[in-house]
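Please examine the sequence and the structure shown below.

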Amino acid sequence: MIASVLSFLDRRHYFLGAELHRVLQRTVASIGKYVFPYKWRLLFSVLLGMASATFNGLMLIGFQLIFSLVLKGQTRTMGEPVRLPLIGKLNLADMLGFEQDAPVGLVGVIIACSFIPILIFIRGFLSYLSIYMQAVIASKVVYKIRNDTFRSVMRQSPAFFSNARTGELMQTVVMQTTAVHQNAMLLIQTLAQRPLTIISILTVLFAQDWVFTSVALLIFPACVWPIMRIGKSARAVGQNEVSGSSDLMVVLQESFAGSRLVKSYAREEHQCELFEVTNANVVRNTLGWTRLLELVGPIVESVASIGIGAGLVYAWYRGLEAENFFLLVMALTQIYPPVKELSRVQMLMQRAGLAAELVFQLLEKVPDILDAPDAVDSGRARGAVEFRDVTFSYLESDGIKKEVPAVNSINLKLDPGKFYAFVGPSGAGKSTLYSLILRFYDPDKGSILLDGCDIRKLTQTSLRGNIGVVNQDTFLFHTTILENIRYGRLDASREEIIEAAKKAHAHEFIEQIGGGYDAVVGEGGCKLSGGQKQRLSIARAILRNAPILLLDEATSALDTESEKIIQDAIQVLSEGKTVVAIAHRLSTILEADQIVVMDHGYILDCGSHSELLVRNPMYQKLYHLQFSADEKIPEIA
Ligand code: ATP
């Protein structure tokens, strides 16, 4: 219905402009899918709104009858009926069963006047029911849209998150969905009710005195031009407002997430200044928007008041009777609010369109990495991983692939249950292989196989379900230690979690913390040391018990004692698993079954520590850099 109203209003794009027209058509089509399940309820609520709008005309008729009775009742008999539009002649005294040819007394007047609140209540109640029903539908729709938008963001690949601004994403998922909701609601109400309100009042007005009404309304078209001009400026201001509030969210999110960096560099004032600048921008834009929106009302009112003035001059000239005069003035004042609201429709469309465009762009974004339509569940894998001639380049910020691949012509077989360590200088491509095993990216050439099956033929959930990860920078949620470990397997019992923590050598320190397993670790685990966080991360991976384990620099930046504890924990964790360890500290991987030496995206060599030490110059270099001549070279068991 809204789509047809829009296209009717704007067949030649005079009203909205080609760009907004396109955006709104897309918006209506996108929102339509969400509203469709509630179509009957929506229709009913719109009909209620229309009934309330039409009731305005009936109410005026009722008022006229009451005015007539009250104003003439004391002096004249009630034999004189009131001529009503479309209905003919009516007499309220007759309808109420008052005695003919007798003046209306106080009781009669009170009875007649008691209809005023009744009429107003009926109109208000119909409108309330309609608005409430629409609000219920809109809340359900926005609930679903917000869930789907969040789900869509969660489905995106790491490449998407590398380029996105977290604060902006938060702003779109939370604030813009609300803006779609509020503005779309207002639009439905305005488009469904206001035209009918105006039509019903105009019908009464024209039937009552068409000359007066024509004179009063003659000037109305003069409002159209300034409203159009304002609408055009509103789009630019609206766009600035949206981008300004996204910037504000970005500053907020980064200042809070990076609070330790801010503090350690004593940059509180710098962040505050940054916030003030973006905040001032938001305030300026909001003010600009409000100024334009609120300008529409006075323009319409001022222009309309000229017409009313002219109409009154005419009324005086014609010597209108008091009750008719009352009715005309009342009807004209009743027509103001809906006309004012209708004149803001274009701006509401701008706002709803802008918000919806952002939301639906995110909601409908197809992830870079998708499950194949015939993807299968891998089940529990044995843990054999094979790289077959794999080459991969990252994208530049302009979306074009980098010329130099991050990994090049990689051929490598990882047998189940063995420990593989990847070494090489910074930028050699170690972490990229790790990301490729997780299918964060697809190779440009070649393939990666899990137990002989191309991972692109597996569902992402089942592939990643076979992989446990222990990262250098452990991420912990702001919840209890118990829940943080449980993230490895959501249905794990408390006993299983404690068992995993014991294996990860975490149980002892957890017991010493006030609150034990139920202690809250703080934002990002800020209440724990680096080594403690890593042990929780290992406990999480132990609980997950996946056949493949990816370890990324798990023991860097730790003192010798902590490193020993973590090494023991990793040993427990690694038992029977295919381990892919990325480590700069060779001391942690000397006993690996195979050490893979990488440089500039290529695999240079692969062998045991003693083999590589004899034959590979890059490995020798790395080894001697770390174990300088005066340092004791660790012994291999
Ligand atoms: P380090 O030991 O320092 O972590 P690495 O051996 O793990 O290095 P990778 O992180 O795999 O190396 O990086 C390989 C190359 O790919 C580098 O040149 C790096 O700049 C580039 N690179 C890594 N991640 C991205 C990314 N998200 N977008 C673009 N280029 C990237």
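**Contacts of Ile485 and the model as a whole**

Leaving aside its neighbours within four places in sequence, Ile485 is in contact with Ile497, Ala501, Ile510, Tyr517, Leu536, Ala539, Arg540 and Leu543, where contact means heavy atoms within 4.5 Å. This is a predicted model, in which local features need pLDDT of at least 70 and side-chain atom pairs count only at pLDDT 80 or more, while totals for chains, interfaces and linings use all residues. Residues are numbered from 1 along each chain as its sequence is written, and side-chain values use heavy atoms, with hydrogens and water left out.

**Overall figures**

- The protein chain has 23 helices and 12 strands; helices (H or I, at least four residues) and strands (E, at least two) are DSSP runs, numbered from the N terminus.
- Of the 637 residues in the protein chain, 48% are buried; buried means under 20% relative accessible area, exposed over 50%, and partly exposed in between (1.4 Å probe, protein chains only).
- Among contacts in the protein chain with a separation of 6 or more, 76% are between residues 24 or more positions apart.
- The accessible surface of the protein chain is about 32200 Å², and 60% of it belongs to carbon and sulfur atoms; such areas come from the Shrake-Rupley method with a 1.4 Å probe, and for residues only the protein chains shown count as cover.

**The largest nonpolar core**

- A nonpolar core is a set of buried Ala, Val, Leu, Ile, Met, Phe, Trp, Tyr and Cys residues joined through side-chain atoms within 4.5 Å.
- The largest such core has 46 residues, and those with the most contacts inside it are Ile485, Ile510, Tyr517, Leu536, Ile538 and Ile589.
- Helix H20 gives the most to this core, with six residues.

**Helix H18**

- In helix H18 (residues 494-503), the residues Ile497, Ile498, Ala500 and Ala501 are buried.
- Viewed down the axis of H18, its buried residues fall within an arc of 160 degrees, so they line one face of the helix; the arc is that of the directions from the helix axis to the C-beta atoms.
- These buried residues of H18 pack against helix H17 (481-486), helix H19 (507-512) and helix H20 (530-544).
- Just after H18, His505 takes a positive phi of about 55 degrees.

**Aromatic rings**

- The structure holds 10 aromatic pairs; rings of Phe, Tyr and Trp (its six-membered ring) pair if their centres lie within 6.5 Å, and planes under 30 degrees apart count as stacked, over 60 as edge-to-face and the rest as tilted.
- The ring centres of Phe392 and Tyr441 are 5.2 Å apart and their planes are at 40 degrees, so the pair is tilted.
- This pair links distant parts of the chain, 49 residues apart: Phe392 is in strand E3 (residues 385-392), and Tyr441 is in the loop between helix H15 (430-437) and strand E6 (445-450).
- Both Phe392 and Tyr441 are buried.
- The rings of Phe477 and Tyr487 have centres 4.7 Å apart and planes at 50 degrees, so this pair is tilted.
- Phe477 counts as partly exposed at 31% relative accessibility, and Tyr487 counts as partly exposed at 48%.
- Ring pairs also link Phe121, Phe125, Tyr128 and Tyr132 into a cluster.

**Ala519**

- Ala519 lies in the loop between H19 and H20 and is buried, with a relative accessible area of 9%.
- Leaving aside its neighbours within four places in sequence, Ala519 is in contact with Thr479, Thr480, Ile481, Ile513 and Gly514.
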